[in-house]
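Open the model in your viewer and keep the selection panel at hand.

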Amino acid sequence: MPTNLSAGTYTYRVDVTMSGVGTISSQTVDVLVYIIQTYTITIPETVNLGETATIKAENVVLEEDKQLEVTITGTSGDNNAFAIKSAEGAVLEYTVTKADSKTLSLNDKILTVNPDNTDTDSTTLTFNAPGKAKFSGEYKGTVTFNVSIN
């Protein structure tokens, strides 16, 4: 039987030869193998502005001709802006860049894993603080990541 299969259902025919006292016979047995789609995505729980976050996909097993994609699909900022707020309502805008210095927008693919090539990959994102804040305080917000198989 082949190894390194994609997720899916496979049927194989195996010939079994049985021998006993004075008797030799042959029997064909169908073997069914079902391999499920699996993957592990690691996204940090928190990140501070000015720091990096590594997004990692591991042990990716998908159906043939499919790939895993990770995108940023939303933020807690008004109109999904890359912005965080203080408890007092002050807003601090930021940008997110990939290791190649490309500034990301919503729905940009940040990680793609094609199991034909590898079952593990990662990308590093930098959450860039603005040059200067106007108001002191603790600012918080969220970023929503989406994992899809296409």
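Throughout this tour, a contact means heavy atoms within 4.5 Å. The model is predicted.

**Stop 1: the whole chain**

Show everything as a cartoon. The protein has 12 strands and 0 helices. Read along the sequence, the pattern is β-β-β-β-β-β-β-β-β-β-β-β. Now switch to a surface. The protein exposes about 9,900 Å², and carbon and sulfur atoms supply 46% of that area. Of its 150 residues, 23% count as buried. Consider the contacts between residues at least 6 apart in sequence: 64% of them join residues at least 24 apart.

**Stop 2**

Zoom in on strand 8 and strand 10 (residues 121-128). The two pair in the antiparallel sense over 4 bridges. Pick threonine 97. Opposite it, in strand 10, stands threonine 126.

**Stop 2: threonine 123**

Stay in strand 10 and select threonine 123. Is threonine 123 buried or exposed? Its relative accessible area is 10%, so threonine 123 is buried; the cut-off for buried is under 20%. Show its surroundings next. Not counting residues up to four places away in sequence, threonine 123 touches Ala53, Thr54, Ile55, Lys98, Ile110 and Leu111.

**Stop 3: the nonpolar core**

Nonpolar side chains tend to be buried together in soluble globular proteins. Here the largest nonpolar core has 21 residues. Select Leu68, Ile72, Val96, Ile110, Leu111 and Leu125, the residues with the most contacts inside this core. Color the contributing strands: strand 4 (52-61), strand 5 (68-75), strand 9 (109-113) and strand 10 each supply at least two core residues. Strand 4 gives the most, with 4 residues.

Center on leucine 125. Which residues does leucine 125 contact, leaving aside its neighbours within four places in sequence? Among them are Glu51, Thr52, Ala53 and Ile55. Val96, Thr97 and Lys98 are also in contact with leucine 125.

**Stop 5**

Strand 6 (residues 83-86) pairs with strand 7 in the antiparallel sense over 3 bridges. Pick lysine 85: its bridge partner in strand 7 is valine 91.

Move to serine 86, also in strand 6. Serine 86 is buried, at 7% relative accessible area. Apart from neighbours within four places in sequence, serine 86 is in contact with Glu138 and Tyr139. Draw a distance from serine 86 to lysine 140. Their C-alpha atoms are separated by 6.4 Å, although the residues are 54 apart along the chain.

**Stop 4: the salt bridges**

Side chains of opposite charge can pair when their charged atoms come close. How many salt bridges are there? The count comes to 5.

Begin with lysine 109 and glutamate 69. Their closest N and O atoms are 3.2 Å apart. The pair links distant parts of the chain: lysine 109 is in strand 9, glutamate 69 is in strand 5, and 40 residues separate them. Lysine 109 is partly exposed at 46% relative accessibility, whereas glutamate 69 is buried at 8%.

Return to lysine 85. It forms a salt bridge with aspartate 78, the closest N and O atoms being 3.8 Å apart. Aspartate 78 is exposed, with a relative accessible area of 53%. Lysine 85 counts as partly exposed at 40%.

Finish with lysine 102 and aspartate 108, whose side chains meet in a salt bridge at 3.1 Å, N to O. Lysine 102 is partly exposed, with 40% relative accessibility.

How values were computed: Residues are numbered from 1 along each chain as its sequence is written. This is a predicted model: local features need pLDDT of at least 70, side-chain atom pairs count only at pLDDT 80 or more; totals for chains, interfaces and linings use all residues. Side-chain values use heavy atoms; hydrogens and water are left out. Two strands pair if DSSP finds at least two bridges between them. Buried means under 20% relative accessible area, exposed over 50%, partly exposed in between (1.4 Å probe, protein chains only). Accessible areas come from the Shrake-Rupley method with a 1.4 Å probe; for residues, only the protein chains shown count as cover. A nonpolar core is a set of buried Ala, Val, Leu, Ile, Met, Phe, Trp, Tyr and Cys residues joined through side-chain atoms within 4.5 Å. A salt bridge is a side-chain nitrogen of Lys or Arg within 4 Å of a carboxyl oxygen of Asp or Glu.
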